[in-house]
Amino acid sequence: MREDTRTRIQEIALRLFTEQGYEATSLREIAEELGVTKAALYYHFRTKDDIIASLAEMRMTELEELLTWFRSRPNTLQTRRELLERYSDTLKRSRYLDVAKFLERNQTAMRDHPQLTRMRETMMTLTREMSDPGATPVERISRSMALFALHAGKWLTLETELSEEEIDKATMEVAMRLLEP
């Protein structure tokens with residue numbers, strides 16, 4: 001039950017932060033939307049920052065697991081392909097698109113958040129490790145762009161008649177092409 005309440009708080013906070021802005025949303029508003037007292041909300045999260053940190057931590061866990069998996073394999077084309085497939089799977093869960101919309105709309109407020117900085121650094125480490133030290137600049141950029149192409153495809157789900165499956169398939173095809181320039 002405790003996890004359900006935490007999840008519900010995260011969902012409501014994320015929606016309000018996206019709609020109204022992080023700085024313009026209070027814990028009181030989150031508690032009211034949830035239908036609980038502010039004290040009940042404090043039991044799970046003491047601050048708005050704690051809510052954001054919990055969302056970032058979920059994503060960090062996924063990224064760190066992916067990085068650990070990648071480091072345990074030889075850096076081959078097949079491994080990089082599997083990395084893209086695994087990464088794509090992470091984008092299909094854990095409220096990825098909701099968090100991405102929140103971050104896009106609250107860039108200034110979140111720019112220096114420690115958890116989000118750590119998440120960016122881990123993502124950059126992952127993109128760097130996709131290339132051998134001797135890789136050309138074109139190979140390095142292309143492989144990095146393969147990961148980011150998967151992100152770009154997710155935004156299409158907001159503004160198109162294509163199904164999510166069609167978008168995922170097309171996005172993966174583009175990402176795979178980018179692996180080897």
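Which residue forms a salt bridge with glutamate 64? I will come back to that after the overall layout.

First, the ground rules. This is a predicted model, in which local features need pLDDT of at least 70 and side-chain atom pairs count only at pLDDT 80 or more, while totals for chains, interfaces and linings use all residues. Residues are numbered from 1 along each chain as its sequence is written, and side-chain values use heavy atoms, with hydrogens and water left out.

Now the layout. The protein has 10 helices and 0 strands. Both kinds of element are DSSP runs numbered from the N terminus, a helix being H or I with at least four residues and a strand being E with at least two. Read along the sequence, the pattern is α-α-α-α-α-α-α-α-α-α. Taken along the principal axes, the C-alpha atoms fill a box of roughly 55 × 35 × 35 Å.

Of the 181 residues, 43% are buried. Buried means under 20% relative accessible area, exposed means over 50%, and partly exposed is in between, with a 1.4 Å probe and protein chains only. As for contacts, meaning heavy atoms within 4.5 Å, take those between residues at least 6 apart in sequence: 68% of them join residues at least 24 apart.

Next, the inside. In soluble globular proteins, nonpolar side chains tend to be buried together. A nonpolar core here is a set of buried Ala, Val, Leu, Ile, Met, Phe, Trp, Tyr and Cys residues joined through side-chain atoms within 4.5 Å. The largest one has 45 residues, and those touching the most other members are Phe17, Ile30, Ile51, Ile52, Leu84 and Tyr87. Elements giving two or more residues to this core include H1, helix H2 (27-34), helix H5 (77-91) and helix H10 (164-179). The most comes from H4, with 10 residues.

Take leucine 84 from that list. Not counting residues up to four places away in sequence, leucine 84 touches Ala146, Leu147, Leu150, Met172, Ala175, Met176 and Leu179.

Leucine 41 is another one to look at. It sits in helix H3, residues 38-44. Leucine 41 counts as buried because its relative accessible area is 0%. Leaving aside neighbours within four places in sequence, its contacts are Ile9, Leu27, Ile30, Ala31 and Val36. Leucine 41 and lysine 101 are 60 residues apart in sequence, and their C-alpha atoms are 24 Å apart in space.

For another pair, look at arginine 8 in helix H1, residues 2-20. Arginine 8 and leucine 34 are 26 residues apart in sequence, with 7.7 Å from C-alpha to C-alpha. Arginine 8 has 42% relative accessibility, so it counts as partly exposed.

Back to the opening question. A salt bridge is a side-chain nitrogen of Lys or Arg within 4 Å of a carboxyl oxygen of Asp or Glu, and the count by this rule is 15. The partner of glutamate 64 is arginine 118, and the closest N and O atoms are 2.7 Å apart. Glutamate 64 is in helix H4 and arginine 118 in helix H8, so the pair ties together parts that are 54 residues apart in sequence. Arginine 118 is partly exposed at 29% relative accessible area, and glutamate 64 is partly exposed at 32%.

Glutamate 173 and arginine 177 also meet in a salt bridge, at 2.4 Å from N to O. These two are 4 residues apart in helix H10, which means about one helical turn separates them. Glutamate 173 is partly exposed at 43%, whereas arginine 177 counts as exposed at 57%.

Aspartate 89 and lysine 92 form a salt bridge too, with closest N and O atoms 3.9 Å apart. There is also a network of salt bridges linking Arg15, Glu19 and Glu33.

Last, the pocket. On a 1 Å grid over the protein atoms alone, where a 1.4 Å probe fits, a pocket is an open set of points with protein on both sides within 12 Å along at least five of seven lines, and lining residues have an atom within 4 Å of a point. Volume is the space filled by probe spheres set on the points, which are joined across faces, edges and corners. The largest pocket holds about 600 Å³. It is lined by 22 residues, and closest to its centre are Ala100, Leu103, Met119, Arg120 and His151. Helices giving two or more residues to the lining include H6 (96-105), H7 (107-110) and H9 (137-156).
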